[in-house]
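Hi,

Here is the structure you asked for. Please open it next to this message and follow along.

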Amino acid sequence: MAQERPKTPRLTRSDVVKEYLTAYNSVCALLWLSIFGRVVLLIPITGVESVYQAAGDITKWTQTVAILEILHSTFGLVRSPLLTTALQVSSRLLIVWAVVDRFPAATSTSPFYSSMLVAWSATEIVRYSYFVLNLRGLAPGYVTWLRYNMFYVLYPVGILSEAMLVGKASKAAGEPWRVLYPLHIHDCAEKEDLEGQASGEEEPSRDSMREY
């Protein structure tokens, strides 16, 4: 009599979502780690003038990938409020595409561009790493502490750097309102982010835990 084969465990929607979010957050953490490494290694060697050439493209496209986070919220894969997520993502896209990429001569060699990248990348390395570890139930206390406390230092550095870059781009544009508007949106998004720091917003939603 032939022995029955053991049944393959049923794949649930929760499993698929968890694996996808783990992969997504891991890739993002590595991309931001690459950006951070390029900036901090280049500055002592060649100065801030070469940072944009080495890290500008990867920063633009890494930030553009974050559009997926709007979709994550839209389809209920995470608990992030859709409006907050859309503001956060679009505001940074405006900075990298409408400010820096559009006016590179005025912004790319500024030390504020480098300080902005350091603030952004340090924040994102910790944030995405926390999400990966948290999805696996492995987030140690110090990572959680960094996740919810680093912004006290990095937020002022980041927002000051962005404001200075917008100011430089405004002078180059000759029409300041066209560049200052993205900063207004960005500031609103950052305020929303500060208000939601402790909400666990990037964890899988309860709806995503349902089986197919």
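Buried residues account for 44% of the 212 residues in this protein. Keep in mind that the model is predicted. The accessible surface is about 11600 Å², and carbon and sulfur atoms hold 64% of that.

The fold is helical: nine helices and zero strands.

Now the inside. Nonpolar side chains tend to be buried together in soluble globular proteins. Here the largest nonpolar core has 31 residues. V99, Y113, M116, L117 and Y128 have the most contacts inside it. Helices α1, α2, α4, α6, α7 (141–149) and α8 (151–173) each give this core at least two residues. The largest share, eight residues, is from α6. A second, separate core has five residues, among them V17, L21, V78 and L135.

Look at L117 next. Beyond its neighbours within four places in sequence, L117 touches I35, V39, V51, A55 and T59.

V51, A55 and T59 are also among the buried residues of α2. Which helices do the buried residues of α2 pack against? They pack against α1 (13–46), α3 (67–74), α4 (82–100), α5 (104–107) and α6 (111–135).

Best wishes

Note on methods: Residues are numbered from 1 along each chain as its sequence is written. This is a predicted model: local features need pLDDT of at least 70, side-chain atom pairs count only at pLDDT 80 or more; totals for chains, interfaces and linings use all residues. Side-chain values use heavy atoms; hydrogens and water are left out. Buried means under 20% relative accessible area, exposed over 50%, partly exposed in between (1.4 Å probe, protein chains only). Helices (H or I, at least four residues) and strands (E, at least two) are DSSP runs, numbered from the N terminus. Contact means heavy atoms within 4.5 Å. Accessible areas come from the Shrake-Rupley method with a 1.4 Å probe; for residues, only the protein chains shown count as cover. A nonpolar core is a set of buried Ala, Val, Leu, Ile, Met, Phe, Trp, Tyr and Cys residues joined through side-chain atoms within 4.5 Å.
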